[in-house]
Amino acid sequence: MNETSAPAPPSWQEDVFAALKKRGVQQIAYVPDSGHSHAIRAARRDPAIHDVVLTTEEEGVGVVAGAWLGGQRAVLLMQSSGVGNCVNMFSLLQMCRFPFLTLVTMRGEYAEFNPWQGPMGRTTQQALELMGITVLRADAPEDVEETVEAALDSVFEAGERVAVLLGQKLIGRKKWKRNR
């Protein structure tokens, strides 16, 4: 997709990036995801933010921890299916007490067409909580900014580990063409 011809993002996506900027996030690690597309494009254009493309989500846990050790604030953007890839790496956060924030776009919920997304989508919150990560959730556009800002404060002011789940209804129904 050409970045100059991208359609205007939903306002909640703009709210996410604005909250990250306002709270001084300097690194954004991600595996490409359409639900995070605005934040990814905005980070790539912003010289004050280093965008880190990952080959797998668990690398992002190390990137976020390393950023903190280097004196910077970082956030991991991922889809709910990526949470399962990170479970073992979450022990690093717990044992070293690193502040950590991940924004997770949900799959396996509202109008999901891909059955492979269901199992992880249904257990994302529990997996995060079992690893000592506080879970906040936003399902309505008007709740996103406040929820993300609250998470940023918990992480960077109180040193907590927090995940914000962005419900699948925010992203909307995925429409795929069938070959039949």
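Is the crossing of H1 and H7 left-handed or right-handed? The crossing of these two helices, H1 and H7, is right-handed, where right-handed means that the near helix is turned clockwise from the far one by less than a right angle, and left-handed that it is turned anticlockwise. This is a predicted model, in which local features need pLDDT of at least 70 and side-chain atom pairs count only at pLDDT 80 or more, while totals for chains, interfaces and linings use all residues. Residues are numbered from 1 along each chain as its sequence is written, and side-chain values use heavy atoms, with hydrogens and water left out.

Helices (H or I, at least four residues) are DSSP runs numbered from the N terminus, as are strands (E, at least two). H7 covers residues 141-158, and its axis lies 9 Å from that of H1 at an angle of about 20°; axes are lines fitted to C-alpha atoms, for helices over the stretch in contact, and angles run from 0 to 180 degrees between N-to-C directions. H1 and H7 are therefore roughly parallel to each other, since angles under 35 degrees count as roughly parallel, over 145 as roughly antiparallel, 65 to 115 as roughly perpendicular and the rest as oblique. In this contact (heavy atoms within 4.5 Å), the residues of H1 that meet H7 include Trp12, Val16 and Leu20, and those on the H7 side include Val144, Val148 and Leu152. The residues of this contact divide into eight nonpolar, no polar and four charged, where Ala, Val, Leu, Ile, Met, Phe, Trp, Tyr, Cys and Pro count as nonpolar, Asp, Glu, Lys and Arg as charged, and the others, Gly among them, as polar.

H1 (residues 11-22) also meets H2 (residues 37-45), and here the axes come within 8 Å and cross at roughly 45°. H1 and H2 are therefore oblique to each other, and their crossing is right-handed. Gln13, Glu14 and Phe17 in H1 meet residues of H2, among them His38 and Ala39.

There is also one cavity of 30 Å³ or more, a cavity being a set of points on a 1 Å grid over the protein atoms alone where a 1.4 Å probe fits but cannot get out, with lining residues having an atom within 4 Å of a point. The largest cavity holds about 40 Å³ of space, and its lining includes Trp12, Gln13, Val16, His38, Ala39 and Leu166. H1 gives the largest share of that lining, three residues. By class, the lining has four nonpolar, four polar and no charged residues.

Definitions and conventions
On a 1 Å grid over the protein atoms alone, a cavity is a set of points where a 1.4 Å probe fits but cannot get out, and a pocket is an open set with protein on both sides within 12 Å along at least five of seven lines; lining residues have an atom within 4 Å of a point. Grid points are joined across faces, edges and corners, and a volume is the space filled by probe spheres set on the points.
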